[in-house]
Amino acid sequence: MRAAWSRTLDMAVPLPHLLHPAVAVAPAPPTPVAALSQDELKRVAAHRAVELVESGMVLGLGTGSTAAHALDHIGDLIRRGELRDIVGIPTSEWAAARAASAGIPLTDLNAHPVIDLSIDGADEVDPALNLVKGRGGSLLREKMVEGASRRFVVIVDKSKLVPRLGASGLAVPVEVIPFGWALTLRRLRSLFDGVPGFNLKLRTAATNAKASTFGENWSDLEPFVTDNKNYIVDLFFENGIHGDLNRISDEILRITGVVEHGMFLGLASSVIVAQKEGVAVMNKEGISNGI
């Protein structure tokens, strides 16, 4: 039976403050997993998500350390003959290389415009299962693939749960074309003019999305370049993004020069949360044992 060992850690979480306080949780006896490291918990959660994979599926293949466990496990199942006729669409050049090394046959959205299941991580998850993604720089391909999916399952650890998007204080990325990037940056700044604690900067090759310092010379450094040969402007919100997320999304996308942003609104079907107390599944209806 695939991934049967992970089920010993499945549980309804008895400590709601570790997840979103707005979600009601039914008490259940905890299964101790204190001996597992954070990476091992991610592996448990990834294997739980892979239980949804069936032979003949078209899969969206995520990017990042948690998604890597899912890719490796899918490859193992293919080699053991437990999964057949699987094809995957990678969300980044990194995912393509990792999937190929795991033995997962690859295809693209042109050949398969509808995807059965995507499995990927996220940088932030709010109580409505809206996401921030793209701090690794793959937001455009991730949104294209996961937006074309019948089902999108997200894997995170509990540190990624936030009361509102942007509340971690880390970047909300916006992919922009290189031509006239400084003008696009100014227009993004104007859009959020007057928002307390707001700042933004062009991501450089020497920094990452977790760096929120704003030195005077950052604009003179070599820009970070995405797989699509674009740049990224990182937005920072001291207290998260307040207001109608769909309206804010539309306003960002109306700026000429913006390609896409890292807010994934209404795309996630469910979120698997790995934590020391066990693995919980968040659905639109709340938290449960099932996906």
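1. Asp120 and Lys133 form a salt bridge in this predicted model, with their closest N and O atoms 3.0 Å apart. The pair links distant parts of the chain: Asp120 belongs to strand E3, whereas Lys133 sits in the loop between E5 and H4, and 13 residues separate the two. Are these two residues buried or exposed? Both Asp120 and Lys133 are buried. The contact also belongs to a network of salt bridges that links Asp120, Lys133 and Glu142.

2. The structure holds 11 salt bridges. Another of them joins the side chains of Arg98 and Asp72, at 2.6 Å from N to O. This pair, too, links distant parts of the chain, with Arg98 in helix H3 (residues 93-102) and Asp72 in helix H2, 26 residues apart. Arg98 has a relative accessible area of 30% and is therefore partly exposed, since this class lies between the limits of 20% and 50%. Asp72, at 26% relative accessibility, also counts as partly exposed.

3. Glu93 lies in helix H3 and Arg141 in helix H4 (residues 139-147), so that the pair links parts of the chain 48 residues apart. Glu93 is partly exposed, with a relative accessible area of 45%. Arg141 is likewise partly exposed, at 24%. As a general principle, side chains of opposite charge can pair when their charged atoms come close.

4. Three strands form an open sheet in the order E4-E5-E11, with antiparallel pairing. Why is one side of E4 and of E11 left without a neighbour in the sheet? Strand E4 (124-125) and strand E11 (263-264) stand at the edges, and each has a single partner strand, so one side of each has no neighbour there. Strand E5 (residues 131-132) is joined to E11 by two bridges, and the two strands run antiparallel. Leu131 stands opposite Phe264 in E11.

5. Strand E8 (residues 198-202) is mostly covered, as four of its five residues are buried. E8 pairs with strand E9 (residues 231-237) in the antiparallel sense, over five bridges. Within this pairing, Leu200 has Leu235 in E9 as its bridge partner.

6. The largest pocket contains about 630 Å³ of space. Its lining comprises 32 residues, and those nearest its centre are Ala122, Asp123, Arg135, Gly136 and Lys160. Helix H1 (38-50), helix H2 (65-79), strand E3 (117-121) and strand E6 (152-157) each supply at least two residues of this lining.

7. Seven residues of the lining of the second largest pocket are nonpolar, three are polar and three are charged.

8. One cavity of 30 Å³ or more is counted. The largest cavity has a volume of about 40 Å³. Which residues line the largest cavity? They are Leu59, Gly60, Leu61, Ala70, Leu71, Ile74, Leu117 and Ile119. Strand E1 (58-61), H2 and E3 are the elements that give two or more residues to this lining. The lining of the largest cavity holds seven nonpolar residues, one polar and no charged.

Methods
Residues are numbered from 1 along each chain as its sequence is written. This is a predicted model: local features need pLDDT of at least 70, side-chain atom pairs count only at pLDDT 80 or more; totals for chains, interfaces and linings use all residues. Side-chain values use heavy atoms; hydrogens and water are left out. Two strands pair if DSSP finds at least two bridges between them. On a 1 Å grid over the protein atoms alone, a cavity is a set of points where a 1.4 Å probe fits but cannot get out, and a pocket is an open set with protein on both sides within 12 Å along at least five of seven lines; lining residues have an atom within 4 Å of a point. Grid points are joined across faces, edges and corners, and a volume is the space filled by probe spheres set on the points. Ala, Val, Leu, Ile, Met, Phe, Trp, Tyr, Cys and Pro count as nonpolar, Asp, Glu, Lys and Arg as charged, and the others, Gly among them, as polar. Buried means under 20% relative accessible area, exposed over 50%, partly exposed in between (1.4 Å probe, protein chains only). A salt bridge is a side-chain nitrogen of Lys or Arg within 4 Å of a carboxyl oxygen of Asp or Glu.
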